[in-house]
Amino acid sequence: MEKVDEVLEKFRYAKEDLIQILLELQMLSGKNYLPQEWVEYVAKALDMPMNKVYGVMTFYGMFSTKPRGKNLIEVCKSGPCHVSGSQGIELMLEKELAIKPGETTDDGLFTLERSNCFGACDIAPAIKIGEKVYGNLTPDSLRAVIKSYREEA
Amino acid sequence: MGNTKILSSRFGKIKPDSVEEFVAAGGYEGLKKAITMKPEEIIQEIKNAYLFGRGGAAYPTGVKWEQAYAIPLEKGPKYMICNADEGEPGTFKDRHIMAEDPLMLIEGMTIGAFIFGAKEGYIYCRGEYSGIQKILKSAIKNATEAGYLGENIMGTGLNFNIKVVSGAGAYVCGENTALVESIEGKTGRPRRKPPYIKNAGLNMMPTVLNNVETYACIPWIVKEGGETFLSVGTEFSGGTKLMCLSGNVVQRGVYEVPFGTTLRELIYGLGGGIAGGKTLKFVHLGGSSGACFPEELLDTKICYNDLRKNGLSLGSGAVLVVDDTHCVVDYLKTVMEFFEDESCGKCTPCREGNRRMVEILEKLTSGRGAKEDLERLQRLARTMRNTSFCGLGQSAPVPVTTLLKHFAAEFEAHVQGRCPSGKCSMSGVRR
Ligand SMILES: Cc1cc2nc3c(=O)[nH]c(=O)nc-3n(C[C@H](O)[C@H](O)[C@H](O)COP(=O)(O)O)c2cc1C
Ligand code: SF4
Ligand code: FES
């Protein structure tokens, strides 16, 4: 719980920073999720009822209560990406990673998700891996991106 | 077409978080002038500028600030909030401002703080823009070190700090009251209005909230004068607009155009026309909650009045170009899935309406649609527009009604089991 304490300290145990605290913790989890024990700990430390904390966690799309892959790959499916060929990108990723949206690869390296617009429509079709955005994707450039994450692992 | 650059003049030319480079390129001249003026005078300049809110609702900023200024400070200082949620699909202009010239936005907020005597400001920036949040934080830190934020700003006695708060993936948090709830650390569901946030916003205190691009216009207006700003645009829409061009167009990107430019000039002139030698099918203007319309309306000027006369609205300034290889029913399903995902679930017309619309569109795209489905879509659209609790549910049906209006034959074809563009499976089974 040391990590959790550090984050709580950083935000001075302020209730209004709950979302900011949860975002940082999710990053620190290494698996893009919020472990139940951490959330319980935060609720106690902030003197908030668990249901309030869970309410917030489940309301916002970026939080997950289940472990995800080390790298979260989000394929944008909103209008601008849709008309620029996002479906092709999604199918390629499904094939390349051998998983469907919502699933995680066996090696725990990638989770594939479909997301809404993240403001990269000028380079659609776009994907996001963690904090990084990749656009103007072609089959070749997409494969190269995935390969670079595999090599880094 | 004039080429006055009000917002993008420093884009790509300065290190975004460098106060020195910002000042050397004309930054903070608006604030320097503002502190020599009376608050009423600054507000009058903004009124003269005919600046309309760039976040989508197009409320006149001068009027908003005049009303906010009139609210007494008896409960304590007002908050300044910047809406940097930018969740509307097809919109990426605020991202450009924050990534390339964030101090322009910070300067605009500081001028506001000077008018209202605000002590605390917040930039609510969407969680997906985590990289941009870092640039903002660095720019704020540098501005504080240089004395443009913090204690006794430029010897005026003004103390003003700005905090960056991250969203966490909820489009509805772009709505004023939901945004304020989210800054308070709560679920971002819209509040009942009144009270309006100008009276009781963040922590139930008087709050001034504007979009990134709106704040970014303020320093120039103060520096050059409201009438100069107005003269750049049209009679009733002052200044320039950052337009976001996306979809099947040759040169996608953000373009700063003076009001009065036509959509055709933007798409075929600046944007280089439709990509791949194809032809235009329709334009989706203002984001997913905006209207879809065919080529005939392209000579409409980008101007709040002209657009309104044609039943359109500028929204966030998103211009999505869709070529004729695409199917309107398939496209609409994608759009309505967005609203189904993003409905906060607080009220029934929006929570259920979007879901039912997606179901109907799913039927139509798989060849299981019936004639009555088109009437059902119209009926749901009416109910949602009239009875939804917030702007999300009220405007979600706009693409439905506008596509039904302009492409009735294509919807009919789907009812008959045919997708003219061959995009829909029409397999008769659920996908
Ligand atoms: C569902 C919904 C989402 C919105 N999203 C945004 C947004 O991302 N950014 C924004 O500036 N305004 C957004 N708005 C509009 C804001 O509520 C508000 O009108 C605006 O931020 C006010 O600033 P302005 O007057 O400078 O435009 C949204 C409104 C609704 C109903
Ligand atoms: S209209 Fe939609 S987003 Fe708005 S309050 Fe109702 S359910 Fe929530
Ligand atoms: S639509 Fe895909 S990033 Fe905007």
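**Entry 1**

Buried here means under 20% relative accessible area, exposed means over 50%, and partly exposed lies in between, with a 1.4 Å probe and protein chains only. The model is predicted: local features need pLDDT of at least 70, side-chain atom pairs count only at pLDDT 80 or more, and totals for chains, interfaces and linings use all residues. I note that residues are numbered from 1 along each chain as its sequence is written, that chains are lettered from A and ligands numbered from 1 in the order in which they are written, and that side-chain values use heavy atoms, with hydrogens and water left out.

The phi of B:Tyr28 is near 65 degrees, a positive value in a residue other than glycine. I placed B:Tyr28 in the loop between helix 1 (19-24) and helix 2 (29-34) of chain B. Helices (H or I, at least four residues) and strands (E, at least two) are DSSP runs, numbered from the N terminus.

A:Arg12 also has a positive phi, near 50 degrees. I found A:Arg12 in the loop between helix 1 (2-10) and helix 2 (18-28) of chain A. A:Arg12 is exposed, with a relative accessible area of 73%.

**Entry 1. Cis peptide bonds**

Most residues other than glycine have a negative phi, and most peptide bonds are trans. I recorded a cis bond between A:Ala124 and A:Pro125, with omega about 0 degrees. A:Pro125 belongs to the loop between strand 2 (110-115) and strand 3 (127-129) of chain A. In chain B, the bond from B:Pro194 to B:Pro195 is cis, with omega near 5 degrees. B:Pro195 lies in the loop between helix 8 (176-183) and strand 4 (207-211) of that chain.

I counted two cavities of 30 Å³ or more. A cavity is a set of points, on a 1 Å grid over the protein atoms alone, where a 1.4 Å probe fits but cannot get out; its lining residues have an atom within 4 Å of a point. Grid points are joined across faces, edges and corners, and a volume is the space filled by probe spheres set on the points.

The largest cavity holds about 80 Å³ of space. Of its 13 lining residues, B:Cys344, B:Cys347, B:Cys350, B:Phe389 and B:Cys390 lie nearest the centre. Ligand 2 sits in this largest cavity, in that more than half of its atoms lie within 2 Å of the grid points. I found 13 residues around ligand 2, the closest being B:Cys344, B:Cys347, B:Cys350, B:Cys390 and B:Gly393; to be near, a residue needs a heavy atom within 4 Å. The shell around ligand 2 has eight nonpolar, four polar and one charged residues. Ala, Val, Leu, Ile, Met, Phe, Trp, Tyr, Cys and Pro count as nonpolar, Asp, Glu, Lys and Arg as charged, and the others, Gly among them, as polar.

The second largest cavity has a volume of about 40 Å³. Its lining includes A:Pro80 from chain A, and B:His284 and B:Tyr331 from chain B.

**Entry 2. Chain A and a helix of chain B**

Chain A has seven helices and four strands. Of its 153 residues, 53% count as buried. In chain B, six of the eight residues of helix 5 (93-100) are buried, B:Lys93, B:Asp94 and B:Arg95 among them.

Key
On a 1 Å grid over the protein atoms alone, a cavity is a set of points where a 1.4 Å probe fits but cannot get out, and a pocket is an open set with protein on both sides within 12 Å along at least five of seven lines; lining residues have an atom within 4 Å of a point.
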